[in-house]
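Hi there,

Here is the structure I promised to pass on. Have a look at it first, and then read on for my notes.

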Amino acid sequence: MIRRGLSWLDDRLGVQAGLRAFLGKPVPVHGRTAFYLLGGAALFLLVLQLVTGVLLAIYYQPTPEAAHASVARVMGEVPFGWLVRSLHARGADLFVVLLLAHLLSTYWVAAYRPPRELTWVTGCVLFFLALGFCFSGSLLPWDTLAYFGTQGGTEEVRTAPVVGELLLRVVRGGEQVGAPTLARFYVAHIALLPMAILAVLGVHLALVQRHGMSRPMDDTGTRTVPFFPVVALSDLATWTFLLAAVVTLAALHPRELGAPADPLAAAPAGIRPEWYFTPAYETLRQL
């Protein structure tokens, strides 16, 4: 009965044929090198972010009165909650690092050459969406650093010509960072940005499947290896190493939670954006 049911589904969906085509597709020999494994590594970290984010969202309460306490509860009362939060935070940092390395490596080998222009464009869009993920998530703990960091970060929107003031009110939901800002950042972080990044990622992966891996400009060879098991095992080894690295980093350097945000207090000295926002921050300071 089960076999007949699976056969009925396969006749209509073509799962087996599609799976055989995917696993048996030829991949250039250089596809096993470290640079060409960065994309799969970034994809693995994105999945880790989605899984840990869902676990955190179960306990999170997106209001100024309850946000900090709900994060403190996750870290102090929920079994291994501190580890899940640290995995989410440290994984986000590594996700940005790998995406940036992937972009730079593809640019270095000129992987944007025709017919892969749209693959490059969608990859750049994914990078900026990842930065949006990081920025929107930075406010959610609602501690002192999160509050005043967001206050300063959103203030840079004001420098946009003509529409700066309007954009600032749209982002904050008012003149200052407050409950409307937290609600907007929360919705963006758990709904809008995930939908956007999954949609763009789907197009990106479809383009990679359509055009295959690019070859280095000086590579005229035709040697290939099957995706499974050769490249698949390389990806699996990379993912295993990444998981071990993120767990070790999260366990040894867990993400701390500061004091609850006090909008009436003075901003602590020396607050700066995360390292991946530093170029934009320094550029805007000079305007």
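How many residues does helix α10 have, and how far does α10 reach from its first C-alpha to its last? Helix α10 (residues 227-252) has 26 residues and reaches 36 Å, close to the 38 Å expected at 1.5 Å a residue. That expected span is 1.5 Å times one less than the number of residues in the helix.

Before the rest, a word on the basis: this is a predicted model, in which local features need pLDDT of at least 70 and side-chain atom pairs count only at pLDDT 80 or more, while totals for chains, interfaces and linings use all residues. Residues are numbered from 1 along each chain as its sequence is written, and side-chain values use heavy atoms, with hydrogens and water left out.

The overall picture

The chain has eleven helices and two strands; these are DSSP runs numbered from the N terminus (helices are H or I with at least four residues, strands are E with at least two). Along the sequence the pattern reads α-α-β-α-α-α-α-α-α-α-β-α-α. Of the 287 residues in the chain, 37% are buried (buried means under 20% relative accessible area, exposed over 50%, and partly exposed in between, with a 1.4 Å probe and protein chains only). Back in α10, the buried residues include Phe227, Val231, Thr238, Leu242, Val246 and Ala250.

The cores

A nonpolar core here is a set of buried Ala, Val, Leu, Ile, Met, Phe, Trp, Tyr and Cys residues joined through side-chain atoms within 4.5 Å. In the largest one, which has 31 residues, Leu45, Phe95 and Leu98 touch the most other members. The elements giving two or more residues to this core are α3, α5 (81-108), α6 (117-138), α9 (179-211) and α10. Leaving aside neighbours within four places in sequence, Phe95 is in contact (heavy atoms within 4.5 Å) with Ala42, Leu45, Leu46 and Ala130. There is also a second, separate core of 13 residues, which includes Leu139, Phe148, Leu182 and Ala261.

Salt bridges

The structure holds five salt bridges, each defined as a side-chain nitrogen of Lys or Arg within 4 Å of a carboxyl oxygen of Asp or Glu. One of them joins the side chains of Asp93 and Arg255 (3.7 Å, N to O). This pair links distant parts of the chain, with Asp93 in helix α5 and Arg255 in the loop between α10 and α11 (278-285), 162 residues apart. Asp93 is buried, at 17% relative accessible area, whereas Arg255 counts as partly exposed at 24%.

Arg158 takes part in two others: one with Glu155 (2.5 Å, N to O) and one with Glu165 (2.7 Å, N to O). Salt bridges that share partners join Glu155, Arg158, Glu165 and Arg172 into one network. Arg158 is partly exposed at 30% relative accessibility, as is Glu155 at 29%.

A patch on the surface

Which residues form a nonpolar patch on the surface? They are Val47, Val51, Val54, Leu55 and Ile58, with about 450 Å² of accessible area together. Patches are made of residues with over 30% relative accessible area and no salt bridge; like charges are joined within 9 Å, and nonpolar side chains (Val, Leu, Ile, Met, Phe, Trp, Tyr) within 5 Å. The areas come from the Shrake-Rupley method with a 1.4 Å probe, and for residues only the protein chains shown count as cover. Val47 lies in helix α3 (residues 38-57).

Best wishes
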